[in-house]
Amino acid sequence: MKKIFELDPHVADLIAAGEVVERPASVVKELLENSIDAGAGVITVELQAGGLTFIRVTDNGCGIAPEDVKIAFLRHATSKLRGAEGLEAIGTLGFRGEALAAIASVSRIELLTREPGSQEGVSLSIEAGIVSGVSPAGCPEGTTIIVRDLFFNTPARLKFMKSDRAESSAVASTVLRCALSRPDVSIRFIRDGKMEYHTPGDSRVDSCIYSLFGREFPAGLVPAESSDEAISVSGFVSTPSAARGNRSYQFFFVNGRPIQSRTLQAALEQAYANTLPSGRYPSCVLYITAGFSSVDVNVHPAKTEVKFVSDKQVFDGVYYAALGAITGIREQAEVSTNPASAAVGGVPGASRATRGGGFRSMYADEFRATYGAGSFREARVERKAERGLGDYTEVRDAAGVQLAIHDGAGIADAPGNSQHIIHSPRSSGGFPEFRVIGEAMNAYIVVEYHGSVWFIDKHAAHERIHFDALRRSDFVPMSQALITPVVCRQGQEDVSTLLDNAELLESLGFTVESFGDDAVAVRSIPAEIRIADVEPALSEICAALKHGGTPTPAQRDEIFRAIACKAAIKAGKSSDTRELETLASRVLSGEAAQCPHGRPVTFEITKAALDRSFKRT
Ligand code: ADP
Ligand code: MG
């Protein structure tokens, strides 16, 4: 029996729309890309609420010919690609011919467009993919597209939308990336009637960054550059002291396209190895230019990822650019009598810094020539710790390190411990009789208990106890109000995540309030958390909540883990005897078997094992 039929084109469009148009931000991204491809010098994006009811993008680009307007909305209709050979050398942002068709299939669109020099323009309305009217129209040169009632005919998709605030922040960060990608285009973003961004379009990266971020971000940036035959990199990277608690200010552009890439991220961060403690991330605005043949842009429906022919080449390009820039700062710090001036570089350009007294950033070629290709290790080892980070003790649990551990109080294997059994003491009911012998390495409590010597990882133990407390439904946070609120800059999307989850945060002891678009003011924090840990803790919480909606139990656990880790007493700091005793007693009465990351909390050497080691048996 015949079972296979070709899909109705409308259904096919809906399916494709699912890939291209996930949320209002994806609509804005596609429309902005079209305007940029149309050669516009000025683009305006307007948005109401979260963009589900109203998005308007206006440009002064090349417009669409009357005979083409309907065709533009057909699937796989594009003016940017003719034959397969064109795929090898795509110079435009769009090329798949899918966006307009996809957007039109899930919304109500009005298009007004006029080619420069034409007497008359044309207007077209289209609803759920069906054209409902085309007529000549008087309108300015360029194109205006209004998208209303996004997803009105796909209720399932609507359910996945986050709050208006979250959707609108996602749009804002899309516009920001697009604006940053093209300093030569003036982009305005008007949200609910208010002008949010307005880039000058004067082709200067520095003025573009200023207009989007204000003063603070550029103040921590220095110019970075590198090039070889295949790839050139230019832009700005942050000084180590301007590192942040998350990666939301890492911006990479490949041939003018905002790109997310682990390779690029890793290359940037590698340049800061030994300069930043873990949990702190560099920021950047880096433009990578590569020959068409060394990048494949056709690997992702939303075109946010690319494939490099040689990952190593781009890795090196970004790595050396960043390394050259921060090595320049270090050298400056060493010669300068006023170390503060070293960090002033950056925007607006190196010129100011140079005038300020000898700041120079070392570019990759120069760097190679000075240090030689083989001596990076040395160069890095020599690098002095940044001011203020010198005595930083890294105590975060290695969450990535997973040992094979069975649940509960069972027996576990840990590499390198063939001799000894690791397990947690069983609860014996009453108060355990034990003797604290002392503390080793400021990290391990050494206890004699039940004929064995026990080692207790004090950080892990405390973390576990705290984690379990947080998980209890009757948990009441001990919160400390801050006299001066801590302002955490987190990037728009993270800010809305935090505000959307304000109640959950409150239940954990954090009071957060909105503080402009890209910051929150923290008015109170859990009593056990240090002020310095507030921003990293919030960043981790944001990371856990990334996927929107009501947090799942797993997401809540991740948040609890982050807080417990920050609140726990640190390894490397000595504790007083009472603290050690209290912890030991709680652990030995069975309260903590493993740390929340799954690492063991206790380690036992039995008397028999000791005796065997001394050949006493
Ligand atoms: P693609 O951008 O991949 O070609 P789209 O569906 O986004 O596909 O757009 C289809 C075509 O419509 C484009 O190739 C272009 O010719 C035309 N177009 C879309 N938006 C604009 C615009 N703002 N100005 C001029 N032409 C446009
Ligand atoms: Mg397009």
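Visitor: How are H15 and H17 oriented to each other: roughly parallel or roughly perpendicular?
Guide: This is a predicted model, where local features need pLDDT of at least 70, side-chain atom pairs count only at pLDDT 80 or more, and totals for chains, interfaces and linings use all residues. Residues are numbered from 1 along each chain as its sequence is written. Helix H15 (residues 492-500) and helix H17 (residues 534-545) pack at about 85 degrees, with axes 10 Å apart. Angles of 65 to 115 degrees count as roughly perpendicular, so H15 and H17 are roughly perpendicular.

Visitor: Which residues of H17 make the contact with H15?
Guide: Contact means heavy atoms within 4.5 Å. H15 brings Asp494, Thr497 and Leu498. By class, the contact has 5 nonpolar, 1 polar and 1 charged residues. From H17 come Leu538, Ile541, Cys542 and Leu545.

Visitor: Is Ser261 buried or exposed?
Guide: Ser261 sits in the loop between strand E12 (257-258) and helix H9 (262-271). Its relative accessible area is 14%. Buried means under 20%, exposed over 50%, and partly exposed in between (1.4 Å probe, protein chains only). Ser261 is therefore buried.

Visitor: What share of the protein's residues count as buried?
Guide: The protein has 20 helices and 22 strands. Its chain holds 617 residues. The buried share is 50%.

Methods: Chains lettered and ligands numbered in written order. Heavy atoms only, no water. Axes fitted to C-alpha atoms, helices over the stretch in contact; angles between N-to-C directions. Helix = DSSP H or I, 4+ residues; strand = E, 2+ residues; numbered from the N terminus. Parallel < 35°, antiparallel > 145°, perpendicular 65-115°, else oblique. Nonpolar A, V, L, I, M, F, W, Y, C, P; charged D, E, K, R; others polar.
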